Amino acid sequence: MKAKFLEHCPGTLKPGSWKISVKAGGWEPITGEVEEKESRGEESRRSFLKLGAAAIAAPLLLTSLGSAARSRRRPDDDEDDEDDDDGALLLLLLPPPSPATIPWQIELPTAIDQLQPVVLDPPPMAVANTAAGEAGRAPHQRWNELYETPRQYPPVHYELSAKENPAWVFNPAYPPQRIWGYEGNTSGATTPGPTIFARYGQPTILRMHNRLPQDHVGFGTPEISTHLHNMHTASESDGFPSDYYSVNKAGPTLATPGEFKDHFYANIYAGYDELQNGIGDPREALGTLFYHDHTFDFTAPNVVRGLAGFYLIFDHIDSGDERDPSPSALRLPSYPYDYPLDFGDRIFDQNGIMIWDQVNPEGLLGDKVIVNGYIEPVLRVAARKYRLRLLNGGPSRFYEFYLVRPNNVVQTFTYIGNDGNLLPAPLFNQYKVRLGVTERADIVVDFSRYPLGTELYLVNRLTHRPGETRRPKDVRAPGDRLLKIIVDRYPPEQDLSQVPAVLRELRPLDPAEIAAAPVRRWDFDRANGMWAVNGEFFDPQRADAKIKQGGVEVWELFSIDDGWSHPIHIHFEEGRIISKTVEGEEVSVPPHELGRKDVFVLNEISSIKVLLRFRDFYGKYVMHCHNLIHEDHAMMVRWDVVTDPNLADQVNETVAAPEEELAGPPVEPSNDNAPRQRRRNR
Amino acid sequence: MNTRRNLLAGMGAVALGGLLWNRLPVELEHAVAEEIDTGSPSSYFPNVWLYTHEGEKVRFYDDLVRGKIVAINMMYVMCTGACPTMTANLRKVQQMLGERVGQDVFMYSITLQPEIDRPQHLKEYVEQQRILPGWKFLTGSPADIRRLRYGLGFYDPVPEVDNNLATHTGMLRVGNDRNQRWTMAPALADPERIITTINHVDGAMVHTAYMSGDAAVHLG
């Protein structure tokens, strides 16, 4: 059986092509040369795998292995594999690699599955309709103003059900198996779920049913709290982690359980109150969002099960119509040539069944990448421009994508948006996209440059050490081929789409405003075998910051250690990176990060200063590491937007701590929950 | 699902054999062999023999975890770091859980110093900390305890951290063996927050927020 599969995958997995490598601290292909190394690759400390391998043996062998000597990193040590003989054992904690897959058998649909509106029965209400089975959420904020009162477009209603699909086929080499996904207008849950196409100015209700099997056994918990990642939305619709629900259970911040919950996406731009124009500031428009489960303590297993889907939002500028006659419209490639792609790492047992280790404090790094739910699928495209929206859906792997020809020659494209937000101007002639967990990149690829029949591959060249979830390792060509693209037809109509030289205006940074803004410091660190923020672990009932509605603050994100990367996600509003440091030295912010972001990848011994506003809504929100293992091991803080200024924190309006104080105590004072003392015990 | 258990079980046979077998204490060899013989097929966790602070000899999985909702942490009697605070905090959890402890929810603390913390020492600790009945403190052979610690995910991949008792895990492993649902809570977290996580995995609890009896009646 195995031999038969292997015939189909020349150049991928062959018998004998893997070995247990002490050098790599795990399984590694026997072939595979380093063709390039990224400049910071030499920063690598020994991987946790090597270390972890030693950890099993360590209690027995520590003395003989001389761990103290091994823990020293040599300066300018750019060969990071030389000291691996201490890594003999941790590889045994790793599952073996996933079985071989058969590439390029499953074809992705040529147009993404678009969720269609429905008539909701019963109709949505401001207050939770608990009598009809809605979970006991807080009332929708600004309901009369943003839903009942006529706006730019009439309200639209959608309905999704989180549900099990018992027979999902990731790849023809693997048996049909259960996944969790979302079911929309047609029967059968999919992962990712159907894509919602939304419009600014149109109040949108998403009624999310929980039809997961309540008697589920195994990883994943059958309660849900659906977060719409980077939506500017009221707290009760944000998918706060402890707002999880099922018909049998209510999270600690919900009053009662329920079979469904209505999420009200007002689809206003941030700055609604500030501009008083009835829609907000178009410079704050979002574009590529995704909904995913955010259940407290169980986000990783539930997302690994498949609970994620896209939500794309359009306006008069990014109008979703490449033939839009309006002069304000950019006419970027539009549906069906606007195509989101969700990448997620997964690992499978020897029977081809997806696995997850619920008690592994490092999680499990997937060695297979699912692309819109399939391993090594094919996307057939027309010879014209496409807008591809790339999402790193997690749980832990980082990617650096390249588009290559079969001979691995790298192809160029235009980078138009990061974290779902259009950049002020396109970045032309780009050839790579790096994405930490839940970062997004919108790129435009012009396939009219290629003759029909051309085959291209989207590859990932960023590696992790086997099993290491804490951070990526280095960039190696030619990389793993994740998606095959075949240019197989001419478009039925002329391609009128374009990428104009100006995309979406950015609000200028005001140095005076930044200088006057309170500075709040957040340290992302490790403590007690878990992951902490300012030495604290997440408590959904404790707000670690209270911010006055309408406030403007500078948040400094710090990582003072050198063993991990944290993709930090801040809910509610986009931030602007003001500055970055690495090892205390200011470094330049790359062009694609100069727009608005909601995920800030905090690498080792570094800091990022972010300007944030807190407008239009109030309530409880979170900031967390979006490496889902770190998130579920408590690297998350609740912060609240409050309307009463007397309840807001009085934050020091001082400039950042100088670098020699990197290890100093957190600056952030919190005036609530005083009895809960701050504890730090590494 | 049971990858970790299989790997732990297989650890002895496959790799230790080639690399390190000769250097292992007899004790570990024995433990590994036993696991392969009698390990429970449905558990994440090694089914090692342990002693409770009351001197009872028990199998970890068969007697303490199988079919139960459990909360498990690690400590040691001589610990002057986080353990006393954790124990005091978990005692609050125990008090707040009331009658559920020992009936619906089972609390276990496993020593990190099994060679020192024998059952009678743990018994003294239980009395000194005024732990209520229904919460068992556990010791065993050092090799078994180590394997259990790894099985529970209570390790750090960095050996310098893993071997330093001062940086030992502050996690409380929380789970329900009936539906194989496992997660964790920080043992130093607010007791109400810990109970939230226990209530989450407890199928009998509709409201996961901690409520005193009166408050629960009010919510109906």
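Modeller: A residue counts as buried when its relative accessible area is under 20%. By that cut-off A:Glu134 is buried, because its relative accessible area is 1%. The model is a predicted one.

Start with the partner of A:Glu134. A:Arg137 forms a salt bridge with A:Glu134, and their closest N and O atoms are 2.6 Å apart. A:Arg137 has a relative accessible area of 6%, so this residue is buried too.

Next comes a pair within chain A. A:Asp419 and A:Arg440 form a salt bridge, with 4.0 Å between the closest N and O atoms. A:Asp419 sits in the loop between β21 (413-418) and β22 (421-430) of chain A, while A:Arg440 belongs to strand β24 (residues 440-446), so the bridge ties together parts that are 21 residues apart in sequence. Both A:Asp419 and A:Arg440 are buried.

Now the contact between chains. B:Asp156 meets A:Arg470 in a salt bridge at 3.9 Å, N to O. B:Asp156 lies in the loop between α6 (142-151) and α7 (159-162) of chain B, and A:Arg470 in the loop between β25 (455-462) and β26 (475-489) of chain A, so this pair joins two chains. B:Asp156 is buried, at 6% relative accessible area. A:Arg470 is buried as well, at 2%.

Some residues link up in a network. A:Glu274, A:Glu284, A:Arg507, A:Glu573 and A:Arg615 are connected by salt bridges in this way. Over all chains the count is 51 salt bridges.

Notes: Residues are numbered from 1 along each chain as its sequence is written. Chains are lettered from A and ligands numbered from 1 in the order in which they are written. This is a predicted model: local features need pLDDT of at least 70, side-chain atom pairs count only at pLDDT 80 or more; totals for chains, interfaces and linings use all residues. Side-chain values use heavy atoms; hydrogens and water are left out. A salt bridge is a side-chain nitrogen of Lys or Arg within 4 Å of a carboxyl oxygen of Asp or Glu. Buried means under 20% relative accessible area, exposed over 50%, partly exposed in between (1.4 Å probe, protein chains only). Helices (H or I, at least four residues) and strands (E, at least two) are DSSP runs, numbered from the N terminus.
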